[in-house]
Amino acid sequence: MKIIDPHIHMVSRTTDDYLALAYCGIHTVTEPAFWAGFDRLSADSFYDYFVHICEVEPVRASRFGICHYCWIGMNSKESENLSLAHQVLKMLPEFLDRKTSIGIGEIGLNKNSRNEIQILQAQLSIAAQRNELVLIHTPHLEDKRKGTRLIMDLIRNESRILPSRVLIDHAEEHTIGEIKDNGFWYGLTLYPNSKGSPERAVDTVEIFGSEGVCINSSADWSVSDPLATVKCANEMRRRGHRQELMDKVFYHNPNQFLSQCPKFKAL
Amino acid sequence: MPAIKAVEMYFPDNRARLLEIAAFLDRIDRYESGDQARQDFRYRSFIKALQILLEPDGLRTIKVQEALSDPTREPIEAVADSKAYGAWKPGDGDEDY
């Protein structure tokens, strides 16, 4: 079975993980720019990070026959530091022009603050000017529903961005309905403690249907699993779902969304 | 898939989760200052969410998520604490939903 993982942080993973992805049929991945697990002190650190995901990871991935793409953006967690954030925003066009960079992301909100909103608005404006795909990070846990609503309001206010070119990630049961009603794609993240399990993700496909959903591991430096998408596909198989449905959810859906960027070609 | 199949597939795992919850609540009762712990916003939200589990309407997951969510609409002025707790802590002046 072929799988696209549209959200995985390979900078934090070992080379063995690339091998495991290759063995399991995950031959195309996209890596959003995000928080490194600590607040960076200077914009130079972001510059190096963007170089890493634009240049180093595609080479590591290619050793195992994996195609690696990235998203460039200023994450919401560090956006509270406005001075730093504005310096990082100036770098974005240079990296959005890179050949494996497929859009702005993951941008969004973390604690739903006014500073985070200011930086998100600025990045939505860049996305609109450049006609970039957008990958949205929604807040965790108790902040998710409010943050998802605030984010959707901001995107709707930027009329140049089509909802069909935006994927709102880390959706959960209480946010999916509103996301779908507004015409956005949504992502389900398989992350043991703070997001969803394979069982709940399959429940979601059964309840909300298979249109407009992409399932990802978001594997990173914390407790996470780069093979989570495979395990979720196996959960669908265990429940007796057809192979065509599994192919749609784990390959054709992410391929359809990501292929809106002409740079993206799935293996 | 017949519902009884779901019982067969998922009962053992969820039996274990049920016991984890029971042990978690017993632990709070057993340790000192239990009364104080039971006033914590997380504990109170947890108990409220547990009661939702007995509502047989097929919407338990969404209702539990909502019970643990920030019900306000306005952005916060600044981030004083970037941690997420898993339950909403009412601020001064907020109605305790």
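Chain A is built from nine helices and eight strands. Keep in mind that what you're looking at is a predicted model.

How big is chain A along its principal axes? Its C-alpha trace spans about 50 × 40 × 35 Å.

H7(A) covers residues 198-208 and H8(A) covers residues 228-238, and they pack at an angle of about 60° with their axes 9 Å apart. On the H7(A) side, the contact is made by Pro198(A), Glu199(A), Ala201(A) and Val202(A), while H8(A) brings Lys231(A), Cys232(A), Glu235(A) and Met236(A). Sorted by class, the residues of this contact are five nonpolar and three charged, with no polar ones.

Now over to chain B, which is divided into domain 1 (1-31) and domain 2 (33-69). Taken over C-alpha atoms, the centres of domain 1 and domain 2 of chain B are 16 Å apart.

Chain B has a helix pair to look at too: H3(B), residues 41-52, packs with H4(B), residues 60-67, at an angle of about 165° and with 9 Å between the axes. Any angle over 145 degrees counts as roughly antiparallel, so that's the label for H3(B) and H4(B). H3(B) passes H4(B) in a right-handed crossing. Ser45(B), Lys48(B), Ala49(B) and Ile52(B) of H3(B) meet Arg60(B), Lys63(B), Val64(B) and Ala67(B) of H4(B). By class, that contact has four nonpolar residues, one polar and three charged.

Here are the two pairs in brief:

| Helix pair | Angle | Axes apart |
|---|---|---|
| H7(A) and H8(A) | about 60° | 9 Å |
| H3(B) and H4(B) | about 165° | 9 Å |

Finally, how do the chains meet? The contact takes 22 residues from chain A and 21 residues from chain B. On chain A's side, the elements giving two or more residues are helices H4 (114-130), H5 (144-157) and H6 (173-181). Which of them gives the most? That's H5(A), with four residues. As for class, the side of chain A that touches chain B has three nonpolar, seven polar and twelve charged residues.

Methods
Residues are numbered from 1 along each chain as its sequence is written. Chains are lettered from A and ligands numbered from 1 in the order in which they are written. This is a predicted model: local features need pLDDT of at least 70, side-chain atom pairs count only at pLDDT 80 or more; totals for chains, interfaces and linings use all residues. Axes are lines fitted to C-alpha atoms, for helices over the stretch in contact, and angles run from 0 to 180 degrees between N-to-C directions. Angles under 35 degrees count as roughly parallel, over 145 as roughly antiparallel, 65 to 115 as roughly perpendicular and the rest as oblique. A crossing is left-handed if the near helix is turned anticlockwise from the far one by less than a right angle, and right-handed if clockwise. Two residues are in contact if their C-beta atoms, placed from the backbone, lie within 7 Å. Ala, Val, Leu, Ile, Met, Phe, Trp, Tyr, Cys and Pro count as nonpolar, Asp, Glu, Lys and Arg as charged, and the others, Gly among them, as polar. Domain bounds come from an automatic or database domain assignment.
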